[in-house]
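Reader: Hello! Could you walk me through this structure and explain the words you use along the way?
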Amino acid sequence: MKSLTAIFLNSQLLLFFLLTTAFFYLFCPTAAIGVNYGMVADNLPSPADVANFIKTKTIFDSVKIFDTNPTVLRAFANTNITMTVTIPNGEIPNLNNVGAATAWVNTNIRPIHPQTKIKFISVGNEVVLLNDPAHITGLVPAMRALTGALRDAGPEFQDIKVTTAHALNMFQGVTVPSLARFRVDYAKSFFEPLLLYLRETKSPLMINPYPYFELNVMENNVDYAVFRKTPGVFDPFSKKTYSNAFDSLLDKTFSAMLAAGFKDVDIVIGETGWPSLGDPGNFAATVDNAASYNGHLIRKIVSGIGTPLMPNRTFDAYIFALFNENQKPGPLAEKNWGLFQPDYTPVYVSGALRDGPAPSLNNPNFTVERRRRVPRVNNPQPAMPQPVPAAANDKKFVCRNLEFPMTNCRKTWILPAAKEPIAVRFNPVRFVPIRPLSPLVLHMP
């Protein structure tokens with residue numbers, strides 16, 4: 001009798017475990033850790049070898065590319081690795097009707113999916129940063145047309161989400177995270193229609209948060225930018241203390257979306273990373289800093305702990321980049337964002353290898369133990385909107401070297417592979433890249 005009772009109890013415990021596990025995976029999905037696979041180099045392995053490496057050796061379950069290269073996409077067929085593809089900015093004006101969008105889907109998606117699992121289509125990249133009116137005004141119509149084309153393509157294409165990636169020059173004014181607002185020149189005309197579309201289609205807003213490019217508004221606090229232990233930065237309006245810059249950039253995005261009435265739209269990190277080598281005078285681009293940033297980043301995304309304003313919220317994230325790319329133009333740091341050399345040798349220990357050594361992390365301010373997620377409606381909300389100081393000049397590019405101010409330092413490069421304008425900010429003397437900035441005021445406790 002005792003043995004029968006024990007069997008019964010064990011079976012009940014097993015049933016409970018299976019049910020709770022099923023509930024977790026159904027209602028608390030884990031974040032996807034992905035990587036940007038750039039190919040501006042002449043020494044990279046074949047896409048088939050890369051696909052096998054990612055599948056068998058790394059923790060990555062998603063890959064983002066900056067075009068729709070069919071050779072690359074076919075290489076990831078039947079790997080169970082999801083793909084994000086990118087439509088170049090220059091094609092946006094031609095995709096604002098269903099006919100053109102259908103032709104694009106028939107050419108680029110139908111021959112590939114679902115053998116290669118397309119997860120996101122990113123329409124353009126950082127259009128507000130590059131500031132071409134035709135790309136900005138044509139973006140949402142192109143996204144709607146592509147969604148219609150996917151819907152008409154059949155049921156197997158309905159799980160593909162259409163989004164677009166943005167640099168964080170999209171905020172208005174000098175502000176702390178909880179006071180961030182979208183730029184007044186685009187808030188109603190661009191971001192509101194964009195976020196409305198994303199809500200309707202249950203698609204995420206994709207952002208490219210780079211603490212590396214925000215150093216000049218952090219008083220060059222590299223330790224704070226790369227997740228090392230610091231006193232933190234205090235937001236007096238939300239009463240939250242930030243242990244790292246990455247959280248503050250995500251919460252700025254959430255606060256702007258909340259103020260616009262779109263807190264329910266998901267956020268995906270399309271690009272983030274840190275270079276491991278730079279030109280002389282670039283004290284930020286080092287192996288130690290890159291290892292600290294990406295090592296802590298991977299742990300943070302996997303942990304699912306969220307941010308101060310979005311606790312226990314998971315984010316799909318794509319690290320930039322998989323490889324160092326020896327043909328990228330611009331300063332030396334532009335060639336050295338990779339986690340790996342082209343021969344698959346790790347540039348540093350990041351935690352990206354499945355069976356590799358664990359990175360040395362020294363910030364105890366967040367746990368890596370997975371916590372129970374809560375519905376987003378229960379997330380603590382930022383303080384009521386406060387007056388935000390108007391920016392002195394929203395369209396002005398604030399050029400400042402990591403060590404001293406400079407002016408007139410914006411340049412546009414044409415990448416040889418993508419043929420797409422990429423804004424690169426550089427100091428003509430020390431050649432250190434700085435992106436257009438989204439200023440924030442740092443309040444130390």
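Author: Gladly! Let me begin with a definition: contact means heavy atoms within 4.5 Å. Helices (H or I, at least four residues) and strands (E, at least two) are DSSP runs, numbered from the N terminus. With that, helix α10 (residues 287–303) lies across β1 (33–36), β11 and β12 (317–319), at about 160° to β12. Angles run from 0 to 180 degrees between N-to-C directions, and axes are lines fitted to C-alpha atoms, for helices over the stretch in contact. This is a predicted model, where local features need pLDDT of at least 70, side-chain atom pairs count only at pLDDT 80 or more, and totals for chains, interfaces and linings use all residues. Residues are numbered from 1 along each chain as its sequence is written, and side-chain values use heavy atoms, leaving out hydrogens and water.

Reader: Why are α4 and α6 called oblique to each other?
Author: Helix α4 (residues 98–108) and helix α6 (residues 133–153) pack at about 60°, with axes 8 Å apart. Under 35 degrees counts as roughly parallel, over 145 as roughly antiparallel, 65 to 115 as roughly perpendicular, and the rest as oblique. The pair is therefore oblique.

Reader: Which residues of α4 meet α6?
Author: V98, A101, T102, W104 and V105 do, against A145, L146, A149, L150, D152 and A153 in α6.

Reader: What makes β4 and β5 a pair?
Author: Two strands pair if DSSP finds at least two bridges between them. Strand β4 (residues 118–125) and strand β5 (residues 161–167) have four, in the parallel sense, and so they meet that definition. F120 has K161 in β5 as its bridge partner.
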